[in-house]
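Please look at the sequence and structure below first.

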Amino acid sequence: MTITITAFERSPDRGRGMARDMRVRWALEEVGQPYDVRLVSFKTMKEPAHLALHPFGQIPTYEEGDLALFESGAIVFHIAERRSGLLPHDANARARAITWMFAALNTMEPPIVDREIARYLEGDETWYEQRMSAVEGRIRKRLSELSARLGTADWLDGEFSAGDLLMVTVLRRLAGSGILDEYPNLAAYITRGEARPAYQRAFDAQLAVFTAASTGG
Ligand code: GTB
C-alpha cells in the first residue's frame, strides 16, 4: 500500500529539517517503509482538498489506502504500532516509550514553540525581553530535568524508540539558540539521533525539496 505524506513546497527553514514532516519521514525511514511526498504551498494547505485531510490546514498529513491521519505524533505512533523498530515488544517497555512520546510533545515542545512564537511574532513588543526571559526560564527548567533523567544513557529508556525520535526532533528546534550548550548530554543525545542512518536519509530527502525549489529544479 502506497503511503503519501505532505510537506512544505517551500519550507521556511530552508531545508534544516525543522518542519514536522521531518519526524514522520524519519519514522518511515527507521522502519524501512518507502513513502511518497506531496508538496503543498501555504495556499493549497488552506483549500478544501487539504482541509479534508487536515482540519487545521497544516502539514504533515499521512495517507495509506483509505486511512488519512494528521498530527505528527499520531502519525509517528501509527507507524510505530504497525511496523517493528520503533517500539519495544515488552508491554511495559512499550508503555514507557509511548510515555516519552507524550513527554516530548506535551511537556518539552510547548515552551520551545512559545520561544519561536515570541521570536517571530512578538519581537517588536515592549515586553518582548521580559517574555523571552520567562519562556527561556521554563525551557531551561525542562531541559535540566530531562538532562538529569538521561544522565549518561544513550537513549531515554533502553533501546532507541519513537520516544527518542520525537524528543530529538523537538530538542533540535533549539538549535542556534545556544541554550543546548548548557546541557552537554542533551546536545550529545541530539547528535546521536542525527547520526542514525534513517535520520540522515530523512534529512537529505527534505533538503532535496528545498534545493530543488531554490534552483528551480
Ligand atoms: N501539532 C501539529 C503536528 O504535530 O503535526 C502541528 C503541525 C504544524 O505546526 N504544522 C506547521 C504548518 O503546517 C509546519 S511544522 N504550518 C503552516 C500553517 O499553520 O499554516 C511547524 C514549523 C514550521 C516552520 C519551521 N521552520 O521554518 O523552522 C519549523 C516548524
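The sections below take these topics in turn.

## Basis

The model is predicted: local features need pLDDT of at least 70, side-chain atom pairs count only at pLDDT 80 or more, and totals for chains, interfaces and linings use all residues. Residues are numbered from 1 along each chain as its sequence is written, and side-chain values use heavy atoms, with hydrogens and water left out.

## Ligand site

Around the ligand there are 15 residues, of which Arg20, Lys46, Ile59, Glu71 and Ser72 come nearest (a residue is near if one of its heavy atoms lies within 4 Å). By class this shell has eight nonpolar, two polar and five charged residues; Ala, Val, Leu, Ile, Met, Phe, Trp, Tyr, Cys and Pro count as nonpolar, Asp, Glu, Lys and Arg as charged, and the others, Gly among them, as polar.

A polar backbone atom of Asp13 is 3.0 Å from a ligand oxygen. The protein buries 78% of the 680 Å² that the ligand exposes when taken alone (Shrake-Rupley method, 1.4 Å probe).

## Aromatic pairs

The structure holds seven aromatic pairs, counted where ring centres lie within 6.5 Å. Trp26 and Phe160 form a tilted pair, because their centres are 5.8 Å apart and their planes stand at 35°; planes under 30 degrees apart count as stacked, over 60 as edge-to-face and the rest as tilted.

This pair links distant parts of the chain, 134 residues apart: Trp26 is in helix α1 (residues 21-30), and Phe160 is in the loop between α6 (128-150) and α7 (162-172). Helices (H or I, at least four residues) and strands (E, at least two) are DSSP runs, numbered from the N terminus.

## Backbone features

Ile59 and Pro60 are joined by a cis peptide bond, with omega about 0°. Pro60 is in the loop between α3 (48-51) and β3 (61-64).

Arg14 is not a glycine, yet has a positive phi of about 55°. Its place is the loop between β1 (3-8) and α1.

Technical notes
A polar contact is a pair of N or O atoms within 3.5 Å; within protein, one must be able to donate a hydrogen and the other to accept it, and residues adjacent in sequence count only if both atoms are side-chain atoms. Rings of Phe, Tyr and Trp (its six-membered ring) pair if their centres lie within 6.5 Å; planes under 30 degrees apart count as stacked, over 60 as edge-to-face and the rest as tilted.
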